[in-house]
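This report describes charged side chains and their setting in a protein model. Please keep the sequence and the structure in view while reading.

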Amino acid sequence: MNEYQEKYVALKKQFEQSKGDSFSVTALYDFKESLEESEAIAAKEVLVNVYDLLNYKKDAYDLLSSIGDLSDVKIKKRLGKMKEYAENWRNNFAIPKPKTEEDIQKEKEMLAELGIPTFKYHPDPLNTGAFEISEEGVVCDCCGKVTHIYYEAPFYAVDDIDYLCPACIASGKAAEKFDGSFQDDYSVDDGVKDAKNWTNSFIVHLVTVAGSRNTGVPIAGTSVLIWAE
């Protein structure tokens, strides 16, 4: 067992025993980045395993396809198992790298600077993955304005919506314009007693979705009430 394999085994054990806590995930990402800088085949072989553990399924498959001995029966068998995940999941279910305190503070300052609406029950929408940042900016499909923060979780509508800004979501304009919903009506057990008070609220499922942000099968999630005040 070489030095790369020994470190991987130790980090994997730490990851599994801690049930994937932020410390163990950060350690795996640091290891991943160091392996990516190495040209050694032994490092790349271990990198395949790190990609796979962090759910970078496409990267794991692509790398093994490029460095593996395709005449080796074990390699061919492993690639066969990995191919379906690579094609269907790609890297969409990758475990996100934990943010540092500095990262979180910068995001808070950015939210304040951009005047993002305050969601009472969802104060950190970027950290949960419900919204993403675009430095270049994208055009909101609802208001037509450029936004640097856009909604990334599922939006259920007939139209194929690419980008929605926080303001259009908080005001209820997005749901009204596209006759859409931020929840899968079939996944909510209990209804809402007073639907009239939903103008500035919505439910998002904190899930990672394969393929289009409007379609796909989530692997896990929690419904969280978000309320703009």
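This is a predicted model: local features need pLDDT of at least 70, side-chain atom pairs count only at pLDDT 80 or more; totals for chains, interfaces and linings use all residues.

The side chain of Glu36 meets that of Lys32 in a salt bridge, with a distance of 3.2 Å from N to O. Both residues belong to helix α2, where they are four residues apart, about one turn of the helix.

When its neighbours within four places in sequence are left aside, Lys32 is in contact with Leu47, Val50, Tyr51, Leu54 and Tyr56. Helix α2, in which Lys32 lies, covers residues 22-37.

Since Glu33 lies in helix α2 and Lys97 in the loop between α5 (73-88) and α6 (101-114), the pair ties together parts that are 64 residues apart in sequence. Lys97 is partly exposed, with a relative accessible area of 39%, and Glu33 also counts as partly exposed, at 30% relative accessibility.

In helix α4, which spans residues 57-67, Asp62 and Lys58 are four residues apart, about one turn of the helix. These two residues form a salt bridge whose closest N and O atoms are 2.6 Å apart. Asp62 is partly exposed, with a relative accessible area of 34%, and Lys58 is partly exposed as well, with a value of 24%. A search of the whole structure finds five salt bridges, among them the pair Asp62 and Lys58.

## A patch of negative charge

Which residues gather in a patch of negative charge on the surface? They are Asp141, Asp159, Asp160 and Asp162. Asp159 is located in the loop between β2 (146-151) and α8 (166-171), and this residue is partly exposed, having a relative accessible area of 42%.

## The protein as a whole

The protein contains nine helices and four strands, which follow the pattern α-α-α-α-α-α-α-β-β-α-α-β-β along the sequence. Of its 229 residues, 35% are buried, and the accessible surface comes to about 14,000 Å², with 49% of that area belonging to carbon and sulfur atoms. Among contacts between residues at least 6 apart in sequence, 50% join residues at least 24 apart.

How values were computed: Residues are numbered from 1 along each chain as its sequence is written. Side-chain values use heavy atoms; hydrogens and water are left out. Patches are made of residues with over 30% relative accessible area and no salt bridge: like charges are joined within 9 Å, nonpolar side chains (Val, Leu, Ile, Met, Phe, Trp, Tyr) within 5 Å. Accessible areas come from the Shrake-Rupley method with a 1.4 Å probe; for residues, only the protein chains shown count as cover. A salt bridge is a side-chain nitrogen of Lys or Arg within 4 Å of a carboxyl oxygen of Asp or Glu. Lys and Arg count as positive and Asp and Glu as negative; His and the chain ends are not counted. The place of a charge is taken as NZ of Lys, CZ of Arg, CG of Asp or CD of Glu. Helices (H or I, at least four residues) and strands (E, at least two) are DSSP runs, numbered from the N terminus. Buried means under 20% relative accessible area, exposed over 50%, partly exposed in between (1.4 Å probe, protein chains only). Contact means heavy atoms within 4.5 Å.
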